[in-house]
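Subject: Structure for you to look through

Dear colleague,

Please find below the sequence and the structure that I would like to hand over to you.

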Amino acid sequence: QVHLVESGGGLVQPGGSLRLSCAASGISGTIFSLYAMGWYRQAHGKERELVAVIRSPGVTNYADSVKGRFTISRDNVKNTVYLQMNGLKPEDTAVYYCNGERIIAGQNVWGQGTQVTVSS
C-alpha cells in the first residue's frame with residue numbers, strides 16, 4: 001500500500017521561498033517511478049486545484065498561476081517528490097497535498113496535506 005507524507009510547509013513572508021517534500025513508502029523505487037506525482041492545493045473555501053505534476057521521465061506541467069515561480073522535481077531513488085516555491089504570494093496560502101497516480105494500476109493516493117501560509 002502506497003503511503004504519502006508531506007513536509008516543509010509553514011509561515012513565510014511574501015516574496016519568500018519554501019520547499020515542500022513528499023515521501024512515498026510501501027513501494028519500490030522502480031514502481032514509484034511509474035507514478036505521476038502531483039501537488040495540489042486547497043485554499044479556505046475554495047476547491048482543490050492542481051499546482052504541478054511530474055511524470056517520468058520528467059515531463060512537467062504547471063498551473064498558470066505558478067509558472068516561473070514553482071518547480072516540481074522528483075528523486076526516484078529516494079521515492080520523493082519536491083515542490084520548490086519561490087516568489088510566494090499571499091494568494092498561494094493553502095493546504096498543499098501530494099498526489100500519486102498510476103492509472104494502469106488503478107492507483108490514486110493522497111497525502112494528508114501541509115499548510116502553507118504567506119503573510120507579513
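A residue is called buried when its relative accessible area is under 20%, exposed when it is over 50%, and partly exposed in between, with a 1.4 Å probe and protein chains only. Please keep in mind that this is a predicted model, in which local features need pLDDT of at least 70 and side-chain atom pairs count only at pLDDT 80 or more, while totals for chains, interfaces and linings use all residues. Residues are numbered from 1 along each chain as its sequence is written, and side-chain values use heavy atoms, with hydrogens and water left out.

Let me begin with Asn-79, which lies in the loop between strand 7 and strand 8; strands here are DSSP runs of E with at least two residues, and helices are runs of H or I with at least four, numbered from the N terminus. Asn-79 counts as buried because its relative accessibility is 7%. Although Asn-79 is not a glycine, its phi is positive, at about 55°.

Four strands form an open sheet with antiparallel pairing, in the order 1-3-8-7, where two strands pair if DSSP finds at least two bridges between them. Strand 1 (3-7) and strand 7 are the edge strands, each of them pairing on one side only. On average, and with direction ignored, neighbouring strands of this sheet are turned by 15° against each other; the axes behind such angles are lines fitted to C-alpha atoms, for helices over the stretch in contact, and the angles run from 0 to 180 degrees between N-to-C directions. Strand 1 and strand 3 run antiparallel and are joined by 5 bridges, and His-3 stands opposite Ser-25 in strand 3.

Strand 3 also holds Cys-22, which counts as buried because its relative accessibility is 0%. Which residue forms a disulfide with Cys-22? The partner is Cys-98, with the two sulfur atoms 2.1 Å apart, and a disulfide is defined as a pair of cysteine sulfur atoms within 2.5 Å. The pair links distant parts of the chain, since Cys-22 is in strand 3 and Cys-98 in strand 9, 76 residues apart. The angle about the S-S bond is -80°, and the link is left-handed. Cys-98 likewise counts as buried, because its relative accessibility is 0%. Leaving out residues up to four places away in sequence, Cys-22 touches several others, among them Met-37, Trp-39 and Asn-79, where contact means heavy atoms within 4.5 Å.

Strand 9 and strand 10 form a hairpin with 4 residues between them, and Gly-106 in the turn has a positive phi of about 65°. These two strands run antiparallel and are joined by 4 bridges, and Asn-108 in strand 10 is the bridge partner of Glu-101.

Finally, there is the nonpolar core, a set of buried Ala, Val, Leu, Ile, Met, Phe, Trp, Tyr and Cys residues joined through side-chain atoms within 4.5 Å. The largest one has 29 residues, of which Met-37, Trp-39, Leu-83, Met-85 and Tyr-96 touch the most other members. Strand 3 gives the most to this core, with 4 residues. Not counting residues up to four places away in sequence, Leu-83 touches residues including Leu-20, Trp-39, Phe-70 and Tyr-96.

With best wishes
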